[in-house]
Structure formats: C-alpha cells, structure tokens
Amino acid sequence: MGDDVWSTSWNESVEANARWVRITARGVEALGPDTPAGIRLARAARFFTAVQETMSAGPWPLATGETGALLRALARAGLPVTAEQLRGALTPEQRAALRRRA
C-alpha cells in the first residue's frame, strides 16, 4: 500500500459521489419529479450533492472530528436523523467532539 492510499481512496469516493449525483438527477428527469420514485430520487440527489460538496473540500474536516460537516450535509439533503441513529453512526471520539462544541 502506498503512502497516499487515504488520499487516493478519498478522491475515488468523491468521484463516485459525483456519479451518484448525475445518476439520481437523470432518474428524476426520467421518472418525473412529482412521482413517488422521482421524489425519492430527488431526495437521494440532494443527499449525494451535499456529500459531494462536503467531500470536495477534502478529508480533513471529517478526519479531524468535524462531524458538523456531515450533519450539515444531511440537513441540506433533507434527511432527518434521529439521535439514536446518530449515536450509532458516530465514533466515541466524534460524539465527544460534538459534546465539547455544544
């Protein structure tokens, strides 16, 4: 494994999210924005767009415990997250970082 495996992996994830943005947007166009499937795809497109924007800034905010970036991405996408879901998704270090910021 090379020294840049983290960076390479991150960049590949950014590219994958960009593809998801395009795919879900095309799905909305094909199915119509007012159909049940189109509505679900539009929500997915907002999520992937928010993740794409956040990840494009680089891995440093999330890698350093900046969980707020992830929460903002979820909020912009209109995806509600319960406290229990959040507790299960965050590491103990991330939960502690959030407590310190409160």
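Colleague: Which residues of helix 1 are buried?

Modeller: They are W10, V14, N17, A18, T24, G27 and V28. Buried means under 20% relative accessible area, with over 50% called exposed and anything in between partly exposed (1.4 Å probe, protein chains only). This is a predicted model, where local features need pLDDT of at least 70 and side-chain atom pairs count only at pLDDT 80 or more, while totals for chains, interfaces and linings use all residues. Residues are numbered from 1 along each chain as its sequence is written, and side-chain values use heavy atoms, leaving out hydrogens and water.

Colleague: Why is N17 called buried?

Modeller: Its relative accessible area is 11%, so N17 counts as buried. N17 touches F48, V51, Q52 and M55, leaving aside residues up to four places away in sequence; contact means heavy atoms within 4.5 Å.

Colleague: What makes helix 1 roughly antiparallel to helix 2?

Modeller: The axes of helix 1 (residues 5-31) and helix 2 (residues 36-56) cross at roughly 155° and come within 8 Å. That angle makes the pair roughly antiparallel, because the word is used for angles over 145 degrees, with under 35 roughly parallel, 65 to 115 roughly perpendicular and the rest oblique.

Colleague: How many nonpolar, polar and charged residues does the contact of helix 1 with helix 2 have?

Modeller: There are 16 nonpolar, 8 polar and no charged residues. Ala, Val, Leu, Ile, Met, Phe, Trp, Tyr, Cys and Pro count as nonpolar, Asp, Glu, Lys and Arg as charged, and the others, Gly among them, as polar.

Colleague: What follows helix 1?

Modeller: G32 does, with a positive phi near 95°.

Conventions:
Axes are lines fitted to C-alpha atoms, for helices over the stretch in contact, and angles run from 0 to 180 degrees between N-to-C directions. Helices (H or I, at least four residues) and strands (E, at least two) are DSSP runs, numbered from the N terminus.
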